[in-house]
Structures are given as structure tokens and as C-alpha cells.
Amino acid sequence: MKSIWTKPAGLLLAAGAAFSGAAHAVNDLPGGPAVRQLNLPVGVTKVSQEQYTLHWGLMILCTVIFIGVFSVMFYSIWKHRKSVGHKAANFHESVVVEVVWTIVPFIIVILMALPATKLLVAQKDTTNADLTIKVTGYQWKWGYDYLKGEGEGLSFISTLLPEHRRLSDEGARGEVPDNYLLAVDNPLVVPEKQKIRIITTANDVIHAFAVPQFGIKQDAIPGFVRDTWFRAEQTGDFYGQCQELCGKEHAYMPIHVKVVSAADYTAWVDQKKKEAAAKQDDPNKVWTLPDLLARGEKVYAANCAACHQANGKGAGPIKPLDGSQVVLDADHTKQIHVLLNGQNNGAMPSWKQLSDTDLAAVASYTKNSWSNKTGQIVQPAEVLAERGK
Amino acid sequence: MSAVLDPHGHAAPGGHAHDDHHDHHAPTGWRRWVFATNHKDIGTLYLLFSFTMLMIGGLLAMLIRAELFQPGLQLVNPELFNQFTTMHGLIMVFGAIMPAFVGFANWMIPLQIGASDMAFARMNNFSFWLMIPAAIMLVASFFMPGGAPAAGWTLYAPLTLQMGPSMDAGIFAMHILGASSIMGSINIIVTILNMRAPGMTLMKMPMFCWTWLITAYLLIAVMPVLAGAITMTLTDRHLGTHFFNPAGGGDPVMYQHIFWFFGHPEVYIMILPAFGIVSQVVPAFARKKLFGYASMVYATASIAILSFIVWAHHMFTTGMPVTGQLFFMYATMLIAVPTAVKIFNWIATMWQGSMTFETPMLFAVGFIFVFTMGGFTGLILAVAPVDIQLQDTYYVVAHFHYVLVAGSLYAMFAGVYYWMPKWTGVMYNEWRGKVHFWWSLISFNVTFFPMHFLGLAGMPRRYADYPMQFADFNAIASIGGFAFGLAQVYFFLFIVLPCMRGKGEPAPQKPWEAAEGLEWEVPSPAPFHTFENPPRLDATATKVIG
């Protein structure tokens, strides 16, 4: 397929590239999209490979029928023209013909439905999983919680690298990496050749967790849990993107799954557990302002800047933090309340998944940045105190 | 000229003994249009309105394609981009395609069944003028605080609950457009069932009337369902109900079920009248009767009935039980059968005909050819395990533009070229028509064919920016899109406008040698009043015999 296409596609694309000025070379991304990919990925799970085969089967069948039917039409257009002196016949009814061309398509769709049914049933069987991971869609990031199996208890958030988001705003000029818009800070790590059950849910609006190379796509619906599964037959990096419109940053919440060998997976789990223990902040620790500001700046860049902007001025419907009464208020609970619970029907989402220290840091940061010079410091204990309310 | 722009009702020979009488009462100037009760005037209003909306929706499409021309954000921010995609969809579906077909119905149904006018002439006026405030509300929502709705044309909860005040304006506009559609449908049903000339039995009716009769029933059945869904969204937003808000125990998936119970019949609402137009044009230019008239009627009815039991194929990725997926997969694949029957019938009509290829026929054949591609991709999407890969990707975008643009819009172009001599009294410029056809056909395919590849490669729809690997096909699609948009401006300025101004050769009463039907029994342009006394028809109900 590819070789047939290379020439005409190349010609067209040379024209396209000349227009767009996208001169820099882009390479295929292994585990992600290929440059000018024409077909479904073969993928690394049985399901995705069978989808690929089934799709080819359907394509061939449809193409054959299409060519057959339209050869008749174009033959007729060629031969039965007035300009070549063809006289119109007078037939306009035939029960036999009508019955035949009702039954034949009916049989063809039944033939299509048989393999589809088999694959669908296999695809929906999420029983006997080796590892169960809950995937939570947030506006606009993914949360991964390892619920059952090796690594149980691990939990982290996965976000698009901020430099890719910035690159997008700048018009993706210059040297753009091959994994543009697909690179995250914390990829989902799973072992190869094991059945991974993915449970999806969401925190705010509907998202969809999709990894084409695994042949999976499952909506993540707030208030409900749904599930799907995959068993990756080889190690590597695999990419996907959110596939259900979830608001303004919909295009910026990619999925990166790292499939590793069983031994590597065990090592990763150990390391991750140690990190988690070390990172655990004591919410009762009393921080100094400079330390808290340094941390708050990072939290702000990773979570808040997408909407409120790095300059704190917001944009369009997004409210500015610079000069905001809630931010400047000496009563810290007002801002903490908004951070924990969200505002305006979730247009400002709830951030309760962040730690007390992170929230205290980001609140302190906003109170002491841009033209906000309150000198106030919000301690983690204050956030903790508000959490239960 | 005539029925379109000039004061009406002059010099119309034959069968119009009462013209003068009516003329004295009919208003002129702006009153003629604001107080219009004449089906031809209202049809004209509908067609001009829908073309205006096509241009506005098209402008949004151009902006979308301009942003997607290259990776990275160049022109708009992602929030505004979402507003563009949302409003492009809403405006095209509710503002362009649906009213355009009502315009065709208004003009042609009374002429085709030998009725003097639509059954409810004043309600007809009301259902047109209702659309104006609705359209203004839709378009003006861009200037409301927070911008236009940005939740996609499907308005999925709970994203709609996060939208600004323009969401309420959008919902209210949908309500009004729905009311207008329902009134229009009642009018069409009553006109067809009660006002046919003696001898015009149902099974002798032109196919366009048949497809509209069935479409009108679909509209009455599903528009209230849409109204229900968006009303529940409205009360969720403002009155503290929790139909779809999971925070209060609501179910976002229920919204999708209700929406698509409307939404799937809706896609047939947008294609059945197109089938009707093509079924009239093909026999006229093949100089041969429509093959399998009765089976065409039954196929249309089957498609309409099946359209009510397939809605959840839009929701395969929401995670329904395997039995649910199987049912909706089988039911959806079944629709391929009556649709195939229609395609076969059209080709059998052409077979052994004596064809000529004036612009209406070109668009009709183009319709059959390109719409069938959209039909096949629909069949592939119906197969649930494959749909899991393709749902919400550009493959779906390609599919529904193949059926809505190359389907509905092409059929409407065929209809405009076919009937414009009757409407305006002058022939369009044939050479320009052919330019319009080939320009549209090529640029359409350049725009939408690469989107199949993008979808198969996994590019999600409604994305303001995309990975670099998708760049080339997006650039091609954008170039094609601009060319397609320009073709439609050309169509209006260089083909429609000259006809409306009466420039061109005067059209004979029946410009097409083998066209059949009562609309060709009245002069061109069609006089302001036609068939004021029920005509006597011949045995085939295609000719007036006194």
C-alpha cells in the first residue's frame, strides 16, 4: 500500500510543504503516528492486530463492491448517452431484480458481522486481569492509580510537558521534536505480556482514554466507571491522546504508556515507592516564604498557567489572578476554598488531588507574584484544616 | 423576471383566471416578504436564508482549516477554535441544510402535487420568520461574554454545564429552530395528504414528495426529543436539577442516549429529501422512468424506521454492555441494505437510458458516486470493533462530510440547477454550472479524502493542534477546503445571482426534454399563483389535461 502511494503522495506533499514552509524533517514516532500514515496501526496487542486485519477485510470487500457497482454505472454513462445515439429503453420495474439486490447485500452484511462479533466479544472481556489501573481524566491531565496487582497503591498525575504546550502557542516553529504534543512528565508504566485492565472515570467532564497501538478507546465519564483491557506483546513507548472533547486544552492531554519487561517493571515499582515515601510532605511542617514560593512557581506552571497564563492575567472567560480580590484577601480560607472545590460549575476545576503542601505553595505564590505583593504566607496546615470542611 | 424578485403575477397565460383578483390584495415591496404567505415567496426566503447560513458556517470552516493548515497555533487560541467547530456544526445542520430542504419543499411540493399553496399559509410565514431571531442569537453568541458555545455541536453534558451565558442563547435558538421545523413538517404533511390534485394518488406522487413526507414524520418524532435534552441541560445549568450532572447523581451518558435518539434520525432528515431530488433528476436526464418506484418508496420508509433503532452506534466508546454493542452494530449494518437498493435503482434507471449531462445530472451522478463512498465508510464505522479505533477521529469527520456535503449539498445543487429555470424564468449558464460542478467535486475530495488517512492514523477530531506527523495531510485538506469554499461563492455570484436578476436565456416551460411532473405544466417562471383550481390529470398524474 505504502509503496504505491509514495510517488503521487510525495508530489502532492512537496507542493504542500512548499506552501506550509514545514521544511524541517519529521520522523515516524515509534509507538505513535507515522509520517503520512495511511492505515490503522498494526499495533502490539492481539486485539489491535485483529482490528487491523478486520479493517483490511472490510476495505477490500467494500472496494470490490464499489468498483463492481460503479463499473456498471460508468459503462452505462459511456454507452447509453444520447450523444452516441443511444435510444432509451422502457423498462422500469422488475420484482426479481429488486428481490435479488435486497438479499445479496443482506448476505454480505451478515458475512461482515460474523468476524466482527467474534472480535467484539473478545474485546469486551475484561476478566482475569493481572494488573488493574484506574485512569482518571482531569481537565487537562490524566491521573493513574494502580489499584490491584504489582505496584498496588502507586498513584501519580501525567501532564503534557509544558515546553510542548509553549511550543504550540509559538506556532510550532523551528526544531519540533517527533513526539510533539505526545510527551508527558510521568508516563503510565506497565509490564509486557500481562493483561492490564483499565478502569476509566473522570473528575469533571467526559474524556476518552485511547491508545491506537493497543486498539483501545474508552470514554472516561465523571461519576461512572467503565473498563477496557490490553495485553501488550512487546516493550516500548506507545502514545495516545484524549478523544472526547473536554474543553479548551482538549488537544493537550496526551497519553504515554511505557511497556517494560517484568523485571524492569518490578524495579520501577520499587523505585517509585521509595520516591513516594521520600516525597511525602508533612502537612504540619512550617515553611519559609522563599522555599514555598519556589515550589509554588513550579506547581503554578504545571497546573494553573494553561488557563490563568504565566502573567496571571487570565484570558477571555478565565479570570485574572493578578489583582484578584479572592487572592489578595487576608482571609486565606476564601482562596483555599476555591482551590479545593473549584468554582463556576467546574470552569475552575477542583484541585483537591494536589497535596496540602502544593496547594499552600501555589496559594502563597499567587499572593506574592506580579502586582500582588501581600507578603502573606499560606501554610500547608491551613489547607489541611479546610480540606475536611 | 418573475417569481423571485419582481412584482408577481403578470403575463401568465393559461390556467390563471384569478390572477388579477389576487394581485390587488398581494402586498408589494418589503411587505411582500415580511407578510409572505405565498409558498413560492416563502420557498425563496428559505433558500436565501439557508445560503446565507451556508456562507457563515463556511466562513467558520475556512477559519478552522486555516488554523489547521500547519501544526502549532497561528491564528486562534484553542478556546476560540472549539467555538468555531461547535458553531460550524450547529449553523450548517440547523441553519443551512435543514432550512434549505424546507425551501425546496415549499417551492416544489405544491407545484408537484397540483396544490394552490401550502395548507397553512400563515403558519408557513411564521415558521420562516421564527428562524431569523434564532439565527441572530446563534451567530451573535460569538459576541457574548465568554464567546460562543464550545461544547461541540452535540452539546455533550457535563461540558455544557461549564459554558458561559452563550450556551443558553444557543439552547434557546435550538428550541426556536425546532419549533419552526415542527411547524414546517406539519404543513408539509397536511399539504401532501390533503391537497393533492384529484388523480394524484400517493403511489403516483413524485419521489421528492414521498421522501419529504417521510422526513416530515421523522422531524415531528425527533425534534421534541432534542428539545427535551437541551431543556434538561438548561435546568441543570440554572435550576439546580441534576439530569446530567454527575455531582448530583445525574448521568452524562443519558444525555448522549437522548441526543442521539434525535441525532440519528436527524442525519436521515438531512439525506432523505436529497434522495428525493436525485430520484427526480436522474430519470429526467436518462430519458427513462425511475426504476423500481415502489421499492424506492419502501426503501425510504425502511431507512426511516431503522433510523430509530441505531442511535447508540455513536456511543460505542461510552462502554455499553457487549449485547448492546452487538445489537446496535447489527441494526446499523442493516441500513446498508435499503441504501444499497436505492443506489442500484438509480443505476438501473440510468442503464439503457439516453443520457445527457447537463449540470443537474452531473451533480446527481456526482452525488451517487461520492455519497456511496460515505456510505461505505459508514458501514466500516458500524463495525463496532473497528469503530473503537475510529470513533472521534478524522475518519468520522471524513465520513459525515462525504454524506452531508457530497450527499445533501450536492443533491441540493442538482435541485437548484434542475428547478432554477422554473423559479426564475431564465436558464443558468451551462458552462459556468459545469465549472462549478468539477471545481466542487475535485476540491471536495482534496479536502476530505486525506481525512480518512488522518483518522486511521489516529488524529482526534476537534483538535486545535496536532502532532507533526499529521501535518502534510492537514495542509492538503486546508488547500482543498479553501478551494471548495471559493467554489460556492462563485456559484452564488456567477450562477444564481444572474438568474435571479433575470439575465440569461428565457427558460421554456419545460427546459428538460424528458422531465416529468406537474411543475413542468406551468409556465416558466412559475406564476405567483398556480393550480388555483384543482387540475385534471392524466392517468400517470404527470400531465394536466384540462
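Strand 10 of chain A (residues 254-260) is largely enclosed by the rest of the structure, because five of its seven residues are buried. Buried means that 20 or more other C-beta atoms lie within 10 Å of the residue's own, exposed means 12 or fewer, partly exposed is in between, and C-beta atoms are placed from the backbone. Strands (E, at least two residues) and helices (H or I, at least four) are DSSP runs numbered from the N terminus.

This is a predicted model: local features need pLDDT of at least 70, side-chain atom pairs count only at pLDDT 80 or more, and totals for chains, interfaces and linings use all residues. Residues are numbered from 1 along each chain as its sequence is written, while chains are lettered from A and ligands numbered from 1 in the order in which they are written.

Pairing requires at least two bridges found by DSSP. Strand 4 of chain A (residues 188-191) runs parallel to strand 10 of chain A, joined by four bridges. There A:Leu188 has A:Val257 as its bridge partner, and A:Val190 has A:Val259. On the antiparallel side, six bridges link strand 9 of chain A (residues 236-241) to strand 10 of chain A. A:Tyr239 stands opposite A:His256.

Strand 6 of chain A (residues 207-211) is mostly covered, with five of its five residues buried. A:His207, A:Phe209 and A:Val211 point one way, A:Ala208 and A:Ala210 the other. In a regular strand the side chains alternate between the two faces of the sheet. Strand 6 of chain A runs antiparallel to strand 7 of chain A, over five bridges. A:Ala210 stands opposite A:Lys217 of strand 7. Four residues lie between the strands of this hairpin, where A:Gly215 takes a positive phi near 70°.

Now the interface. The contact takes 93 residues from chain A and 87 residues from chain B. Two residues are in contact if their C-beta atoms, placed from the backbone, lie within 7 Å. On the chain A side, the elements that supply at least two residues each include helix 2 (46-79), helix 3 (95-123) and strand 7 (216-220). Helix 3 of chain A gives the largest share, 14 residues. By class, this side has 49 nonpolar, 26 polar and 18 charged residues. Nonpolar covers Ala, Val, Leu, Ile, Met, Phe, Trp, Tyr, Cys and Pro; charged covers Asp, Glu, Lys and Arg; the others, Gly among them, are polar.

The largest nonpolar core has 281 residues, and B:Val383 is among those with the most contacts inside it. Such a core is a set of buried Ala, Val, Leu, Ile, Met, Phe, Trp, Tyr and Cys residues joined through C-beta atoms within 7 Å. Beyond its neighbours within four places in sequence, B:Val383 is in contact with A:Leu54, A:Leu58, A:Met112, A:Ala116 and B:Met329.

Helix 15 bends by about 40° at B:Tyr418, and B:Pro421 follows within four residues. The bend is the angle between axes fitted to the seven residues ending there and the seven starting there. Just after the helix, B:Gly425 takes a positive phi of about 85°.
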